Amino acid sequence: MDKDLLGEFEDMRTNSISSLSKAKENGKKVAGMYCLYSPTEIVLAAGAIPIPLCGTSQVPISVAEKVLPRNLCPLIKSSYGFAASGTCPYFNLSDILIAETTCDGKKKMYELLAQFKPLHLLQLPQRQEGEEALRYWYGEVNKMKERLEIEFGVTITDQALREAIQLTNEEKRSLKALQDVSKLKPSPISGMGLLMVLYNRGFCTDKKEVVQIVDRLTSELLEMYKQGVTPFNQKTPRILLTGVPVGVGSHKVIQVIEECGGNVVCFESCGGYKAVYDQVDEHKEPLLAIAEKYLRTPCSCMSPNSSRFELVEELADEFKVDGIVDLTWQGCHTYNIESYSLKQYLQEKKRRPFLQIETDYSESDVEQLKVRIEAFLEMIS
Amino acid sequence: MITAGIDVGSTATKAVIFDGTIRSIVIIPTGWNPKEAGRNVFLESLNQAGLQEQDVDRIVGTGYGRVSLSFIDKKVTEITCHAKGAKFLFPQTRTVIDIGGQDSKVIAVAEDGSVADFIMNDKCAAGTGRFLQVMTGILDITLAELGQMASGSEPVSINSMCTVFAESEIIGLLAQEVTKETIASGIVHTIAKKLISLTSRVPCLAEITFSGGVANNPEICTILSSILGVRFNIPQQPQVVGALGAALVGFGNLKEGKDG
């Protein structure tokens with residue numbers, strides 16, 4: 001069922017390679033991006049194409065381990081390995097890389113990446129509250145704008161920024177509406193299907209097209225719900241996934257949850273709800289509004305990171321979830337440490353069943369994961 | 001109403017036949033073929049109970065090899081089964097500590113016998129039966145001897161949690177002529193350290209029931225219980241708590257008239 005419905009999204013990633021190459025032949029510039037903290041609006045306003053870069057596959061990790069320590073998180077190793085091995089076509093097509101100082105592993109890895117491509121590093125503050133943090137971050141966002149103006153030989157006007165904001169807000173609206181479909185019980189779409197759509201749509205070079213296709217999928221799903229078409233039932237345990245970024249290739253835990261009879265109804269993580277639950281203010285000075293929105297992003301690299309706790313709590317209610325799975329990559333200190341506090345917060349405050357899964361991209365622990373996940377589903381059913 | 005619980009673990013395969021009371025218990029080594037071990041243990045448990053296959057109304061499988069059993073009616077994880085089994089043997093159980101061949105786990109049990117929370121060791125043999133097996137191999141002693149040597153000896157500190165690294169560390173200690181007794185004691189303390197880190201992550205209320213093969217060794221139980229500062233309920237046959245729980249799950253489902 002999912003296959004026909006989602007077919008359009010299946011090929012989106014591969015198709016974008018040729019459309020990117022074509023756009024480049026016509027003089028378009030491409031900015032490769034790694035993280036939710038990188039403002040796509042500025043890239044769009046520069047007339048360039050923002051494209052997410054690969055970092056969700058086990059394959060290039062062995063290449064990365066020639067340089068990086070083995071006990072580093074698989075996301076960082078995968079990102080670096082793709083770049084170093086030349087096997088990520090989007091990396092190869094990028095004119096500049098936009099990076100940011102989130103965790104220690106990433107920022108040191110970016111120092112190594114800078115030898116392959118021009119790289120602009122956004123220096124993130126370590127906290128979100130307070131005037132100083134915003135002022136500092138606003139300066140960083142402004143520096144990114146100036147860098148792109150120089151690299152691409154353009155002037156980024158307020159008008160162009162406003163238009164870009166409207167476009168990405170519309171995209172956020174559309175992606176949020178899609179994810180809100182899973183608030184319905186039982187959800188007409190699997191977590192695996194939803195993840196594939198959320199991940200692959202990022203590679204589409206035309207945001208207006210994305211909005212159209214996603215909106216169409218959303219209305220088809222709503223229609224399916226009305227007709228009672230769903231792979232799940234009223235008793236299917238509903239899971240909220242929080243924690244580290246996941247994508248196609250690093251979907252192991254989501255697959256196991258759904259093979260064991262659960263349904264991941266909400267991704268709080270980077271590619272999911274966290275990216276779309278609020279918008280850039282269209283009435284403020286555009287660059288300031290962008291800075292404010294991006295700094296609000298809940299992430300374990302911030303201290304404190306209370307907005308993540310509140311968002312998870314809120315979403316757990318809205319999506320009527322039965323349990324929360326906190327996925328943390330091995331070697332991801334910030335999410336691994338924060339998991340302890342999140343568990344305490346959710347269990348004590350909300351009496352929410354909570355399971356932390358610490359793993360990597362390899363398949364070596366699938367059987368052990370199945371025991372934990374099946375037991376968790378037995379516990380909450 | 002007769003049910004069977006089959007627990008195919010990494011080291012031992014266990015079966016319990018249950019009809020309101022325990023009719024038979026069989027434990028055999030799993031070996032390389034979990035499917036065959038599961039089948040054999042079932043047939044032997046029937047034999048000991050004087051029953052035929054068709055006398056059994058429901059067969060529930062558990063343990064890592066549960067997926068390889070084609071003759072069972074239902075599979076349930078060892079987490080749920082251990083909680084059920086421990087609660088049956090010791091009705092006041094609120095926590096189960098299980099040290100099996102391949103993993104160790106701590107299970108918080110709700111008053112009604114359901115699982116409230118649990119934690120398992122991650123992707124690693126640290127603090128499991130396998131860890132002890134490897135260590136006794138280096139010292140050239142049996143598990144029973146390990147317990148006897150360890151009790152009453154001051155432990156040498158073994159810092160590696162990882163089985164492979166701990167092995168190298170012990171080989172180093174032997175080269176320095178550290179006595180077997182202090183190393184044995186150090187090994188048991190390493191298991192305790194791992195348990196302390198697990199028990200601090202789930203609510204660990206009394207009474208605590210200790211299951212799994214390691215609980216067969218009375219000296220190790222005494223040392224662990226004194227380091228953790230808690231008293232354990234130790235089943236007569238600690239290895240079969242999971243299989244018993246599986247039989248109980250089947251029994252409960254039949255009573256409630258559930259198919260699944």
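The contact between the two chains takes 11 residues from chain B and 10 residues from chain A, two residues being in contact if their C-beta atoms, placed from the backbone, lie within 7 Å. On the chain B side, H2 and strand S8 (115–120) each supply at least two residues. Helices (H or I, at least four residues) and strands (E, at least two) are DSSP runs, numbered from the N terminus.

This is a predicted model, in which local features need pLDDT of at least 70 and side-chain atom pairs count only at pLDDT 80 or more, while totals for chains, interfaces and linings use all residues. Residues are numbered from 1 along each chain as its sequence is written, and chains are lettered from A and ligands numbered from 1 in the order in which they are written.

Chain B is assigned domain 1 (1–90 + 237–260) and domain 2 (92–234); the bounds come from an automatic or database domain assignment. Their C-alpha centres lie 25 Å apart. In the contact between them, 17 residues of domain 1 meet 25 residues of domain 2. Helix H2 (residues 78–89) gives the most to the domain 1 side, with 8 residues.

The table gives two of these sides by class. Ala, Val, Leu, Ile, Met, Phe, Trp, Tyr, Cys and Pro count as nonpolar, Asp, Glu, Lys and Arg as charged, and the others, Gly among them, as polar.

| Side | Residues by class |
|---|---|
| Chain B, touching chain A | 6 nonpolar, 2 polar, 3 charged residues |
| Domain 1 of chain B, touching domain 2 of chain B | 9 nonpolar, 6 polar, 2 charged residues |
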